[in-house]
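Subject: Structure handover

Hello,

Here is the structure I said I would pass on. Please open it and keep it in view while you read the notes below.

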Amino acid sequence: MRGTLYRWDLKAVPYVFIAPFFLTFAAFGLFPLLYTGWLSLHRVELGGTAQWRGLENYSSLATSEFFWNALANTFTIGVISTVPQLLMALVLAHLLNYRMRWRGFFRVAVLAPYATSVAAATLVFAQLFNTDYGLINTALGWAGFAPVSWESSKWPSQIAISAIVTWRWTGYNALIYLAAMQAVPRDLYEAAALDGASRLRQFLSVTVPSIRPTILFTVVVSTIGATQLFGEPMLFGGSVGISGGSGNQFQTLSLLMYEKGWVTGALGQASAIAWVMFLLLLLIGAARTLVTRAHRKKTGA
C-alpha cells in the first residue's frame, strides 16, 4: 500500500503543481478564444440571442471600407512607430554599452517612460500636439511654419500617436538590446579595433550581426503591439477617440473591434475582427520562424 501511494505521489504531484497554470489558461485564455471564434460565426446583438450566419461576418469585413481603413491605419501607425523606435533604441543601447559616468542612472532613466501609464503619457502628448495652444505648434510658429491640425488630419494625427508609442517603448527596447550587447564577446571588439575599425564600424560589423536574433525578436514583439494598438489613439482622440477621429483617420483594428462590439452592439462582427487580428499575429509569428530558419541555414547555426 505504501509503495502504491509513493508511486502515485511521484506521478500525480508534478501535475498538481502545474495544474493552476493550465486551469487559469483554460479559463481566461483558451475558452475566450474558442468562444470568440464561435461568436464570429453568428449574428449576436447585446442582450439578444445568437443566430447562425456562417462566414457572413467575415465576408462583410472584406467589403467594409471601415475595416480596410482600420487595417491600413494599423499598418501605417505600426511602421512609423516601430521603425524609428527600434532604430533609436539600438543607438541608445550602443551608447549605454560604453563606460560612462552615471551609467546606472541613465539605464534606469530610459525605462521611466515605460513605467508611465498609457493614460498619463497620452494626455500629456495630446496637450503638446493641441492645434490651438500646443507646444509643438507654438514652436513651429516661432520657426515660421503654419500650425498643423494634429487631431483632424490623417498623417499628422498618426505621427502624433506614433510619437507617444515611440516615447514609451524606446527605452524598454534599448535595455533589451543592451542586455544582448553585453553578451557579445569583447574579443570581437578588440580584434576589430586592432584592424583599425572605428566605433561606428564596430557597431555595424560586430554589434548588429551579433544581436540579430534579439533585433528580430523586438521587431516581432513591436509589430504585435502595433497590431493591438488601442489606448493611445482612443485617449488622443478624446470624445471621438473610439471612432479614430472625426473621419476615422487614425482608427485601428482594436478601436474598430471595440466600436462594433460595445458601441453598435454587433458582437459577432467584433468577434470576427478579433479573429482576423489573431490570424494576422499567427502570420507574423510564422514569418518570424521562416526568417529565423533561413538565417540559421545561412550561418550554419
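Helix H1 (2–39), helix H13 (253–263) and helix H14 (267–299) each give at least two residues to the lining of the second largest pocket. The biggest share comes from H13, which supplies 5 residues. Bear in mind that this is a predicted model. The volume of the second largest pocket is about 270 Å³. Its lining has 16 residues, and those closest to its centre are Leu39, Trp262, Leu267, Ala270 and Ser271. Sorted by class, the lining of this second largest pocket holds 12 nonpolar and 4 polar residues, and no charged ones.

Between H13 and H14 there is a loop, and alanine 266 is found in it. Is alanine 266 buried or exposed? Its relative accessibility is 11%, so alanine 266 counts as buried, the cut-off for buried being under 20%. Valine 44 is 222 residues away from alanine 266 along the chain, yet their C-alpha atoms are separated by 6.1 Å. Leaving out residues up to four places away in sequence, alanine 266 touches Val44, Glu45, Lys260 and Gly261.

Now the largest pocket. About 310 Å³ of space lies in the largest pocket. Which elements give two or more residues to its lining? They are helix H3 (65–96), helix H8 (154–181), helix H11 (212–227) and helix H12 (231–237). The lining of the largest pocket has 20 residues, with Trp169, Val221, Ser222, Gly225 and Ala226 nearest the centre. By class, 10 residues of this lining are nonpolar, 8 are polar and 2 are charged.

Asparagine 173 is worth a look next. This residue, asparagine 173, lies in helix H8. Asparagine 173 counts as buried because its relative accessibility is 4%. What does its side chain reach? The side chain of asparagine 173 makes a polar contact of 2.6 Å with the side chain of glutamine 85. The side chain of asparagine 173 also reaches the backbone oxygen of tryptophan 169, at 3.0 Å. Apart from neighbours within four places in sequence, the residues in contact with asparagine 173 are Gln85, Leu86, Ala89, Thr218 and Ser222.

Helix H10 covers residues 199–210, and its buried residues include Gln202, Phe203, Val206 and Thr207. Why are these four on the same side of H10? They span an arc of only 120° around the axis, so they sit on the same side of the helix. An α-helix has 3.6 residues a turn, so residues three or four places apart point the same way. H3, H8 and helix H9 (186–194) are among the elements that cover the buried residues of H10.

The other notes concern residues in loops.

Glycine 244 has its place in the loop between H12 and H13. With a relative accessible area of 0%, glycine 244 is buried. In sequence, glycine 244 and asparagine 73 are 171 residues apart, while from C-alpha to C-alpha they are 9.5 Å apart in space. Neighbours within four places aside, glycine 244 is in contact with Gln249, Phe250, Gln251 and Leu255.

Asparagine 248 is also found in the loop between H12 and H13. Its phi is near 55°, which is a positive value in a residue other than glycine. Asparagine 248 counts as buried, at 17% relative accessibility.

Asparagine 97 is in the loop between H3 and helix H4 (103–109). Because its relative accessibility is 13%, asparagine 97 counts as buried. Neighbours within four places in sequence aside, asparagine 97 is in contact with Arg103, Leu178, Met181, Gln182 and Arg186.

Asparagine 130 lies in the loop between helix H6 (118–128) and helix H7 (135–142). Its relative accessibility is 13%, so asparagine 130 counts as buried. How far apart in space are asparagine 130 and serine 40? The distance is 39 Å from C-alpha to C-alpha, and the two residues are 90 residues apart in sequence. Not counting residues up to four places away in sequence, asparagine 130 touches Asn137 and Glu151.

Regards

Terms used
Residues numbered from 1 in each chain as written. Predicted model: local features only at pLDDT ≥ 70, side-chain atom pairs only at ≥ 80, totals over all residues. Heavy atoms only, no water. 1 Å grid on protein atoms, 1.4 Å probe; cavity = no way out; pocket = protein on both sides within 12 Å on 5 of 7 lines; lining within 4 Å. Points joined across faces, edges and corners; volume = space filled by probe spheres on them. Nonpolar A, V, L, I, M, F, W, Y, C, P; charged D, E, K, R; others polar. Buried < 20%, exposed > 50% of the residue type's maximum accessible area, 1.4 Å probe, protein only. Polar contact = N/O pair within 3.5 Å; in protein donor to acceptor, adjacent residues only side chain to side chain. Contact = heavy atoms within 4.5 Å. Arc of directions from axis to C-beta.
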